[in-house]
Each structure stands twice: as structure tokens, then as C-alpha cells.
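Please keep the sequence and the model in view while reading.

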Amino acid sequence: MKARGVGLVLVALAFVSCQSAPQSGLQSGPQSGPQSGPQSGPMLPEPGGGRGAYVVCTELGKSQVAIKPGSNVRVFNSVHGDGGTFIVYDPATGVLTLAPGTYRINGYSITTFGYLLTKEQQGAVRSVPGYAYLWSVDDDSVAVLGSMQDAMFSQASHVNDILTVSKPTRFYLGHQNGGDVAGVLLQAYDAAVTTSINHVFARLVVERL
């Protein structure tokens, strides 16, 4: 009977030891799962506009601005966002400076003969094909080429791309409709027709990835 009692005690001790071993291992050994590595979750913008920095530039129709032959710089009159030191816009020149990094470029540009045209003005409307583009001032070249558009229909040319720069680089959103651009406007505004400035003729969204 004594031997049988000792045996039962040893079996019970072995059972308790097996049950408690995993718990002691979790407490004393390295943590596993999400706690052992970097925390997962959404990537938040860095302070001052690091990854996730963005700027939204809009050109509202506040006056009558005629397009000129060749290249035209879209000068935005409404800008918001948090670009920090990574995305800096100069409202005097329309030039945007990007710090080294990768950026999403998304926007559009419209040229038009205006709205509520008279019959005489409508008779002067003709096809004037063109396109917008993101121009690199420092490299003197097109960085992003926009889609085709026609001022006759007040269509928009769209720019949409991913851009990587290795050094601080200046850009502007440009637009061209060729050489014969008489009557074509970058902005249309006529106080006799409307007092609203809620008409967007160009927009550029730049986001640091």
C-alpha cells in the first residue's frame, strides 16, 4: 500500500510539472508574437511632414487670365496641407520644391474659351489641343506628362504618376495649347456673369510616400 501511495504521489507531481512548464517558459523566455517585434498598425505621418506629408494646390478662377503660346505656369491661389520641409510651395512663382524621396503626383489642368459665350464668341471657338505636365525646373525636362485635352470643350488634362527625387528639386505644373491660342483662358471670371470664385481650373496634390 505504501509503494502504491508513493507511486500515485510521483504521478501527480509529474502531471503538475507538465501543466506548469509552458507557463513558466512564457514568463522567463523571450516574448513571442506581436509583442516580440515592431508594433503593427497604420503608419502615422512623421512630425513636421515626413512620410505622409502632403500639399493640395488649387487654382480658382478669380480673374480673366489668358493663356500665352507655349509653356504656361499654373499659379495656385489656394494651398493647404502639411508638407513640412519636404514639400514647399512658393505662391509667387508657382514653383514647388520637393526634398529627396518618393511622391505621388495627382492633379489636372483646364483651359477654356469661357462660359455663357455669345453667339459671336461661340463662332470663334475652335479645336486647340494641348496637355498639362509637371516640369522639372532643375533638370529642364518634363517629369510627368499629362493626358490630352482640348480648350474647345473645357476638358481637363490629368497628371498622375509616382515620382522619386534624389536631391531637392523644383517643379511647376505647366500647360500648353500650342501657338494659336487667341481667346483661350487659364482662368475665366466675369463679374457680369457670376460673382462666384468656386470654379477650379487646376489642382495638384503631392503626397510623400
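A residue is called buried under 20% relative accessible area, exposed over 50% and partly exposed in between, with a 1.4 Å probe and protein chains only. The model is predicted, so local features need pLDDT of at least 70 and side-chain atom pairs count only at pLDDT 80 or more, while totals for chains, interfaces and linings use all residues. Residues are numbered from 1 along each chain as its sequence is written, and side-chain values use heavy atoms, with hydrogens and water left out.

Helices (H or I, at least four residues) and strands (E, at least two) are DSSP runs numbered from the N terminus. Two strands pair if DSSP finds at least two bridges between them. Y133 stands opposite G174 in β11.

Which residues belong to the ring cluster? Y131, Y133 and W135 are linked into a cluster by ring pairs. Rings of Phe, Tyr and Trp (its six-membered ring) pair if their centres lie within 6.5 Å; planes under 30 degrees apart count as stacked, over 60 as edge-to-face and the rest as tilted. The whole structure holds three aromatic pairs by this search. In one of them, Y133 and W135 have ring centres 6.3 Å apart and planes at 75°, which makes the pair edge-to-face. Y133 is buried, its relative accessible area being 6%, whereas W135 is partly exposed at 21%. In a regular strand, side chains alternate between the two faces of the sheet.

β8 and β9 form a hairpin with four residues between them. D140, in the loop between these two strands, has a positive phi of about 55° although it is not a glycine. Most residues other than glycine have a negative phi. D140 is exposed, with a relative accessible area of 57%. S154, in the loop between β9 and β10, is another non-glycine residue with a positive phi, near 55°. S154 is partly exposed, at 31% relative accessible area.

A further loop, between β2 (65–66) and β3 (72–73), contains P69. P69 is exposed, with 53% relative accessible area. P69 and H175 are 106 residues apart along the chain, and their C-alpha atoms are separated by 9.9 Å.

An open sheet of five strands has the order β4-β1-β13-β7-β10, with antiparallel pairing. Its edge strands, β4 (78–82) and β10 (156–165), each pair on one side only. Neighbouring strands of this sheet are turned by 10° against each other on average, direction ignored; the axes are lines fitted to C-alpha atoms, and angles run from 0 to 180 degrees between N-to-C directions. Within the sheet, β1 (residues 54–60) and β13 (residues 200–208) pair over seven bridges, with T58 opposite R203 in β13.

A pocket is an open set of points on a 1 Å grid over the protein atoms alone, where a 1.4 Å probe fits, with protein on both sides within 12 Å along at least five of seven lines; lining residues have an atom within 4 Å of a point. The largest pocket is lined by 17 residues, and Q64, F113, G114, L117 and Q121 lie nearest its centre.
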